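Good morning. Please bring up the model, and then I will walk through it piece by piece.

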Amino acid sequence: ACDRSGPKDCSLIPVNHCLHTPGGPLKYSLEGHQFAVFAFCLTSDLRYMVSISTHFITFDLSTSDLTRDVNPGIEGIMQQLVLSPDNKWAAAYSNNNQTVLLNMLSSEFVVIDSPFEEEDGPVSGLYLLNQSLFLTCKLRWAQFDMRGNLVDVHDIPGNVVDWEILSMEFLRPNDYNVIFWSGSINETRLRLDSCRHEAYSEPLMLYSAMAINKARNRIYACANENNYQVSVFSFDESDSSDSIAWTLEDQLPRFENDEKEMLLQLRLDQDDRMLLGTAGKGFVIWDFGKDGERLSEDSMYFALPHGVRNITTRIMQSNSIMVSSKMDYAVAGVRKNLYVWCLHSRQLAKVLDAHFGRIIQLEALTIGNWNNVVTSSIDRSVKVWNINNIFEKVHVIDRHELQIDNISLSEVDLGVTVTRSCVGVWDTRSGR
């Protein structure tokens, strides 16, 4: 009734749960998906964003225009999204064991059925080079050309009893790093194997979380079962003996309560200057410095408010944090909110109601004059936030996500509404 009758009497009808101040924190709201945006990738020049749900949708981040919408027509929801180094190709696999390889220039695509046997398990990961697509399952990986033709299927060498492939990344078709896990979300043990020119490294045993730099020669990971201190490993390759190994180089400063508070995720920023860690009750940042300048010699811990926690969505994956281009604020997405901390005081400065549903992914968009952060959510939207205006006022409109099925009014200025998923108690005098 409100949608039909409201335009006759009202000048403005809110279409979202927030009214943002013009020129405020929300720069763009990128709409177009019919389902939750499960993943997105920024191109290497940070101009375009490719996102997936049941479609591949590309947005121009400088104008917010939808530039490409490709429906591969497969059943199921696409899971992981990867781009090739030259940004010409995109690929994603679905929960019904199919993979889509998309030419980003022509919008042509090919649907690839799983090349693995039923006992090998479903497709669990993928990786793209400019001329090759790689798919992985529990203990095998397959290589395809860019027309979707199968080149070869490989078995993982060595002793892999009680291990499964978590992810693989390729430098060249036969040079790769592979991360194993136990197959149980309750176990934190990890294992890293590397192959270069048919030489294999000794397995490196790790725990909980791991990150690798862009040059692929340094790893940051938890290597101690008793606490979650981060160790640094460097890659050594001997030309004379044809041997490769990961060697312990250093240990980073410990953070408060790292014996009990598990690190759920480790990531490096886009310049490899900062290591960004996600713990159970907050976030940890290590600054390696640039041009001799560092924010702190120690680890910097940013605590979440009481009752708010980070959760593990998949091993080594959790909520993310980013640092603004001016090195003054840290921004994280937890539940449906953005949390903003001052880097210098390490105090929580603002909580911003960002999405209508849980935030799935957060990425920094800091290049040139852009000081932005990009978030995607199960509310089917991707939003670009301007950190320069993050403290502008946002007017939140109290409303339900689903349609109201029943309303009950009391004699004491209270009303109760019922939807399929929740009950709301309202003050009928203020409307809140």
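A332 stands opposite Y339 in β29. Strands here are DSSP runs of E, at least two residues long, and helices are runs of H or I, at least four, both numbered from the N terminus. Two strands pair if DSSP finds at least two bridges between them.

A word on provenance. This is a predicted model, where local features need pLDDT of at least 70 and side-chain atom pairs count only at pLDDT 80 or more, while totals for chains, interfaces and linings use all residues. Residues are numbered from 1 along each chain as its sequence is written, and side-chain values use heavy atoms, with hydrogens and water left out.

Back to the sheet. It is open and has four strands, in the order β27-β28-β29-β30, with antiparallel pairing. Which strands stand at the edges? They are β27 (321–323) and β30 (348–353). Each has a single partner strand, so one side of each lacks a neighbour in the sheet. From one strand to the next, the twist averages 20°. That angle is taken between N-to-C directions, from 0 to 180 degrees, with axes as lines fitted to C-alpha atoms, for helices over the stretch in contact.

Next, a hairpin. β11 and β12 form it, with four residues between them. Strand β11 covers 125–128 and strand β12 covers 133–136. They run antiparallel, joined by four bridges. Y127 has F134 in β12 as its bridge partner.

Now M49. It is found in strand β4, residues 48–52. Is M49 buried or exposed? Buried: its relative accessible area is 0%. The cut-offs are under 20% for buried, over 50% for exposed, and partly exposed in between, with a 1.4 Å probe and protein chains only. Contact means heavy atoms within 4.5 Å. Leaving aside neighbours within four places in sequence, M49 is in contact with residues including L30, F40, F59, V374 and V382.

S64 comes 15 residues from M49 along the chain, and their C-alpha atoms are separated by 9.7 Å. S64 is found in the loop between β5 (56–60) and β6 (66–70). S64 is partly exposed, at 27% relative accessible area. Its phi is near 75°, positive in a residue other than glycine.

N257 also has a positive phi, about 65°, although it is not a glycine. Where is N257 found? In the loop between β22 (243–251) and β23 (263–268). N257 is partly exposed, with a relative accessible area of 41%.

Another loop residue is S299, between β25 (282–287) and β26 (300–303). S299 is buried, at 9% relative accessible area. A polar atom of its side chain lies 3.0 Å from the backbone oxygen of R254. Beyond neighbours within four places in sequence, the contacts of S299 include P253, F255, W286 and R346.

Finally, the whole chain. How many helices and strands does the chain have? One helix and 37 strands. The radius of gyration, taken over C-alpha atoms, is compared with a globule rule of 2.2 Å times the number of residues to the power 0.38. It is 24 Å, close to the 22 Å that the rule gives for 432 residues, so the chain is as compact as a globular protein of that length. Of the 432 residues, 48% count as buried. Among contacts between residues at least 6 apart in sequence, 44% join residues at least 24 apart.

How values were computed:
Polar contact = N/O pair within 3.5 Å; in protein donor to acceptor, adjacent residues only side chain to side chain.
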